[in-house]
Amino acid sequence: MRIVIAGGHGQIALRLERLLSARGDEVAGIIRKPEQGDDLRAAGAEPVLLDLESASVEEVAAYLQGADAAVFAAGAGPGSGAARKDTVDRGAAVLFADAAVRTRVRRLLVVSSMGADPAHQGDDVFDAYLRAKGEADAYVTRQEALDWTIVRPGALTDDAGTGLVRLEAHTGRGSVPRDDVATVLAELVDTPATAGLTLELISGSTPVSVAVKSVAGN
């Protein structure tokens with residue numbers, strides 16, 4: 001498979017790139033800074049230099065052409081203000097979805113956040129983040145040309161992955177290692193029967209492959 005990842009230098013994305021390339025997939029990661037390219041190459045991915053905050057749909061579509069799946073894992077990141085939550089966490093996600101529709105790349109995974117809600121109240125930057133994520137998710141779910149799956153992890157940690165998770169429509173609060181988020185995404189890419197699902201993800205007691213098969217109805 002050829003898989004294009006937006007936010008290719010993110011902590012989850014780099015882990016995902018390593019997993020996908022190790023199993024033989026062709027992976028491209030969209031990055032904003034040329035100096036990030038070496039990290040992607042080390043992960044087995046092809047770096048694509050493109051700023052999703054200023055790119056056009058046509059520019060993004062050019063890199064999605066011929067892909068079998070797309071993953072939106074970009075985020076404004078810690079330290080960014082409310083304005084960039086809107087331009088990256090919402091705007092770039094909408095742009096990426098539009099480009100996938102244009103190039104007929106049906107399979108789209110979106111890394112969202114637990115608590116994402118377009119109607120979330122509050123004036124803090126994290127409140128703006130949850131609204132932006134919620135608005136992006138709502139937009140993606142309206143795209144009938146996409147086989148989308150939205151993943152909403154709990155609090156992210158850098159602990160070593162266990163391969164044991166809880167993946168359900170509603171899990172309740174909890175944390176999850178970034179390793180395990182990447183493992184779930186790699187499994188979901190190959191499981192189109194999860195299309196149309198918004199799933200919360202935290203650490204649990206179920207092996208990843210079993211958890212994904214369960215939500216897919218297998």
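This note goes through the helices, cores and selected residues of a predicted model.

1. Basis of the note. The model is predicted, so local features need pLDDT of at least 70 and side-chain atom pairs count only at pLDDT 80 or more, while totals for chains, interfaces and linings use all residues. Residues are numbered from 1 along each chain as its sequence is written, and side-chain values use heavy atoms, with hydrogens and water left out.

2. Nonpolar cores. A nonpolar core here is a set of buried Ala, Val, Leu, Ile, Met, Phe, Trp, Tyr and Cys residues joined through side-chain atoms within 4.5 Å, and buried means under 20% relative accessible area, exposed over 50% and partly exposed in between, with a 1.4 Å probe and protein chains only. The largest core has 34 residues, and those with the most contacts inside it are Ile5, Leu16, Val71, Leu167, Leu185 and Leu201. Its largest share, seven residues, comes from helix H6. Apart from it lies another core of 33 residues, including Val48, Leu95, Val105 and Ile150. In soluble globular proteins, nonpolar side chains tend to be buried together.

3. Helix H7. Helices (H or I, at least four residues) and strands (E, at least two) are DSSP runs, numbered from the N terminus. In H7, residues 208-215, the buried positions are Val208, Ala211, Val212 and Val215. They cover an arc of only 95 degrees, taken from the directions from the helix axis to the C-beta atoms, which places them on the same side of H7. These buried residues pack against strand E8 (164-168), helix H6 (178-189), strand E10 (197-203) and strand E11 (206-207). Leu167 touches Ala211, Val212 and Val215, among others, when residues up to four places away in sequence are not counted; contact means heavy atoms within 4.5 Å. Just after H7, Gly217 takes a positive phi of about 85 degrees.

4. Helix H3. Val57, Val60, Ala61 and Leu64 are buried in H3, which runs over residues 57-64. Their arc around the axis is only 100 degrees, which puts them on the same side of H3. What covers them includes strand E1 (2-6), E4 and H4.

5. The 17 residues of H5 (residues 125-141) should span 24 Å, and the end C-alpha atoms are 24 Å apart, which agrees; the expected span is 1.5 Å times one less than the number of residues. The cover over the buried residues of H5 includes E4, H4, strand E5 (107-111) and strand E6 (147-153). Asp89 has its place in helix H4 and is buried, with a relative accessible area of 1%. Leaving aside neighbours within four places in sequence, Asp89 is in contact with residues including Arg84, Tyr129, Ala132, Lys133 and Ala136. A polar atom of the Asp89 side chain lies 3.3 Å from the backbone nitrogen of Ala76.

6. Aromatic pairs. The structure holds two such pairs, where rings of Phe, Tyr and Trp (its six-membered ring) pair if their centres lie within 6.5 Å, and planes under 30 degrees apart count as stacked, over 60 as edge-to-face and the rest as tilted. The rings of Phe72 and Phe96 have centres 6.0 Å apart and planes at 50 degrees, so this pair is tilted. Phe72 lies in strand E4 (residues 69-72) and Phe96 in helix H4 (residues 82-102), so the pair ties together parts that are 24 residues apart in sequence.

Key
A polar contact is a pair of N or O atoms within 3.5 Å; within protein, one must be able to donate a hydrogen and the other to accept it, and residues adjacent in sequence count only if both atoms are side-chain atoms.
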